[in-house]
Amino acid sequence: MGKAVSALGGAGLIPQQGGSTPMDAFAYPLACQAIPRICAEIGLGCDLSEEVFPASQAEAAGVQVRRERLLAILSGEHGVTPYDLFRESGIGQERLALTERFVPAGSDVLDVACGRGYFTFASALSGSNVMAVDRMGDERRPGWWRTFNSARESLGLARRVSGLRADSASVPLRSDSVPVIACVHAVRDIMSQAERSGTFLEAARLLGPGGTLLVAESTPAADTPPEEVYMAYLRLRTRIGWEADVPSPGELEALVSQSGFNRVRSTLIRFDRDYAPVEFPREAVRDLPPSIREEHGRIERLRQVHGIRPTAVLAVTASEPAE
Ligand SMILES: C[S@@+](CC[C@H](N)C(=O)[O-])C[C@H]1O[C@@H](n2cnc3c(N)ncnc32)[C@H](O)[C@@H]1O
């Protein structure tokens with residue numbers, strides 16, 4: 001591993017592994033964000049941007065070939081590990097910062113609607129044992145649990161992380177048994193108001209005495225043109241039905257307090273990194289109705305002018321409900 005990079009592995013939790021790193025659905029966004037940064041640190045030439053999806057379709061295939069070639073060099077010749085990719089990506093850095101700020105060190109965590117597990121792995125890297133819950137299954141997202149399990153292995157976290165397929169409104173765990181419950185960048189994927197209420201009522205049942213709830217979500221307010229571009233993509237995802245609306249800070253706070261939690265506190269956080277790439281896989285765009293494709297094209301042109309930046313994140317914390 002190169003000198004600059006080895007410092008990144010400082011936590012000493014992750015076994016260093018040689019060989020190339022597979023770019024599956026977990027690793028791909030991390031690699032896109034981390035490769036240009038790591039190359040800059042070790043002085044390796046790199047003409048790739050951090051964008052997950054390149055500006056034009058014609059560019060996409062070539063970019064991916066260059067990315068894979070660079071990743072092979074980084075992992076083969078410089079010892080860059082999956083942990084380095086996580087640590088050097090905006091996604092990983094944001095989840096690690098949220099963990100450091102809001103999860104009491106070493107507490108067991110239940111990560112509700114874990115998705116690809118970015119927050120799960122950040123908490124586990126910080127020393128927690130984490131149970132990750134998601135309802136995803138092979139019919140909707142083929143191979144997602146397999147990808148999750150291979151990330152557990154490649155990050156050296158198999159003993160600290162377990163995955164459980166369940167609905168967030170009905171988690172098969174004992175009442176009052178969990179010290180920390182997190183729900184990170186997931187509320188907008190919990191599609192109906194009823195499911196959202198069910199999720200937080202269930203969290204209130206599960207959270208143990210003295211426990212902490214952490215809910216983090218992008219806010220819908222865009223303050224700059226690059227943030228407008230980000231929101232335009234999110235609104236288009238809502239229109240297609242891939243996601244529900246991004247809740248406003250007031251809606252998020254009400255959701256938590258109406259589920260019976262105490263001491264609800266909100267913190268608005270601006271990260272200066274891209275922590276949540278908006279995904280519009282090109283194959284998926286091709287199959288969408290013409291009006292959506294047209295709107296997608298319009299937003300892509302705006303992105304080329306203004307760039308793209310996620311909006312601020314609202315972190316809502318709360319404690320167990322009063323008896
Ligand atoms: C954007 S991902 C979560 C991101 C992740 N927490 C992170 O740190 O990157 C949202 C996830 O919510 C899950 N989800 C949505 N509704 C759910 C429900 N009712 N029960 C369990 N999981 C749900 C989806 O399957 C999806 O994997």
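**Exercise 1.** Which residues in helix 9 meet which residues in helix 12? Determine also how the two helices are oriented in this predicted model.

*Solution.*
Step 1. From helix 9, the contact draws on Pro-225, Pro-226, Val-229, Ala-232, Tyr-233, Leu-236, Arg-239 and Ile-240. Their counterparts in helix 12 are Ile-292, Glu-295, His-296, Ile-299, Leu-302, Arg-303 and His-306.
Step 2. Sorted by class, the residues of this contact comprise 10 nonpolar, 2 polar and 3 charged.
Step 3. Helix 9 spans residues 225-240 and helix 12 spans residues 290-306; their axes lie 9 Å apart and form an angle of about 165 degrees.
Step 4. Angles over 145 degrees count as roughly antiparallel. Helix 9 and helix 12 are therefore roughly antiparallel to each other.
Step 5. The crossing of helix 9 past helix 12 is left-handed.

**Exercise 2.** Determine how helix 2 is oriented towards helix 5, and describe their contact.

*Solution.*
Step 1. Helix 2 (residues 27-42) packs against helix 5 (residues 90-102) at an angle of about 100 degrees, with the axes 7 Å apart.
Step 2. The range from 65 to 115 degrees counts as roughly perpendicular. Helix 2 and helix 5 are therefore roughly perpendicular to each other.
Step 3. Pro-29, Leu-30 and Gln-33 of helix 2 meet Gly-90, Ile-91 and Gly-92 of helix 5.
Step 4. This contact of helix 2 with helix 5 holds 3 nonpolar and 3 polar residues, and no charged ones.

**Exercise 3.** Locate Ala-113 and Asp-176, and decide for each whether the residue is buried or exposed.

*Solution.*
Step 1. Most residues other than glycine have a negative phi. Ala-113, which is not a glycine, has a positive phi of about 60 degrees. Asp-176, also not a glycine, has a positive phi of about 55 degrees.
Step 2. Ala-113 lies in the loop between strand 1 (109-112) and helix 6 (118-125). Asp-176 lies in the loop between strand 3 (161-165) and strand 4 (178-184).
Step 3. A residue is buried if 20 or more other C-beta atoms lie within 10 Å of its own, and exposed if 12 or fewer do. Ala-113 has 21 C-beta neighbours inside 10 Å and therefore counts as buried. Asp-176 has 12 other C-beta atoms within 10 Å and is therefore exposed.

**Exercise 4.** How many residues surround the ligand, and which are the closest?

*Solution.*
Step 1. The ligand is surrounded by 18 residues.
Step 2. The closest are Ala-113, Gly-115, Phe-119, Ser-168 and Asp-189.
Step 3. By class, the shell around the ligand has 8 nonpolar, 3 polar and 7 charged residues.

Notes. Residues numbered from 1 in each chain as written. Predicted model: local features only at pLDDT ≥ 70, side-chain atom pairs only at ≥ 80, totals over all residues. Axes fitted to C-alpha atoms, helices over the stretch in contact; angles between N-to-C directions. Helix = DSSP H or I, 4+ residues; strand = E, 2+ residues; numbered from the N terminus. Parallel < 35°, antiparallel > 145°, perpendicular 65-115°, else oblique. Left-handed = near helix turned anticlockwise from the far one by under 90°. Contact = placed C-beta atoms within 7 Å. Nonpolar A, V, L, I, M, F, W, Y, C, P; charged D, E, K, R; others polar. Near = placed C-beta within 6 Å.
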